[in-house]
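Here is a short tour of a protein model, written to be read with the structure open beside it. Take a look, then read on.

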Amino acid sequence: MSLLKILHYPDPRLKKVAAPVTKFDNALRALVADMADTMYAAPGIGLAATQVDCHLRIVVIDVSEERNSLLILINAKIVRKDGLQVFEEGCLSVPGIYEKVERAEEITVEYFDLAGNAQTLTASGLLAVCIQHELDHLEGKVFVDYLSQLKQMRIKAKLLKHARADM
Ligand code: NI
């Protein structure tokens, strides 16, 4: 088991746009295993490769109570969005901050699994929120970007102060 370092907002590397995965090989399987370990250890319900400074379109998610339903989304694309929901989101890259964000209530996503097989998933509620949140990371976007300029400035100041105190 190997834990990866999670980048913290406003690290500029969180703004990089991820590239599609082209090889479904041992290196990919090892990276996904490390990402899952890192998410479970944090603990978190989702982690995008961008957050561990790897700029490939890979996301791991587990929203189950039992923490035994790992979902691996590779090269995922949302093909349908329906309805709206507001959920108070947090992020492993924005520790200690929780804010309400509006997202689609139900989505359909097309992706590849770890074996390279094409899959389709329809999700609603928390899972839909989590998928949208994680796929944003791959576009270089964090949930803080949806908040007002004033809130964004306050969060930046708070996290930068934290970073200095930790050194
Ligand atoms: Ni996040």
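Ile 45 counts as partly exposed because its relative accessibility is 37%; buried means under 20% relative accessible area, exposed over 50%, and partly exposed in between (1.4 Å probe, protein chains only). Ile 45 sits in the loop that links α1 (26-41) to β1 (46-48); helices (H or I, at least four residues) and strands (E, at least two) are DSSP runs, numbered from the N terminus.

The model is a predicted one: local features need pLDDT of at least 70, side-chain atom pairs count only at pLDDT 80 or more, and totals for chains, interfaces and linings use all residues. Residues are numbered from 1 along each chain as its sequence is written, and side-chain values use heavy atoms, with hydrogens and water left out.

Now step back to α1, where Leu 28, Leu 31, Val 32, Asp 34, Met 35, Ala 36, Thr 38 and Met 39 are buried. These buried residues pack against β1, β2 (58-61) and β3 (71-82), with contact meaning heavy atoms within 4.5 Å.

## The nickel site

Which protein atoms are the donors of the nickel ion? They are Cys 91 (SG), His 133 (NE2) and His 137 (NE2), 2.1 to 2.2 Å from the ion. Donors are N, O and S atoms within 2.8 Å of the metal (3.2 Å for Na, K and Ca); water is not among the atoms, so sites may look incomplete. Along the chain, the nickel donors follow the spacing C-x41-H-x3-H.

Helix α2 (residues 125-138) holds both His 133 and His 137, four residues apart, or about one turn of the helix. Both His 133 and His 137 are buried.
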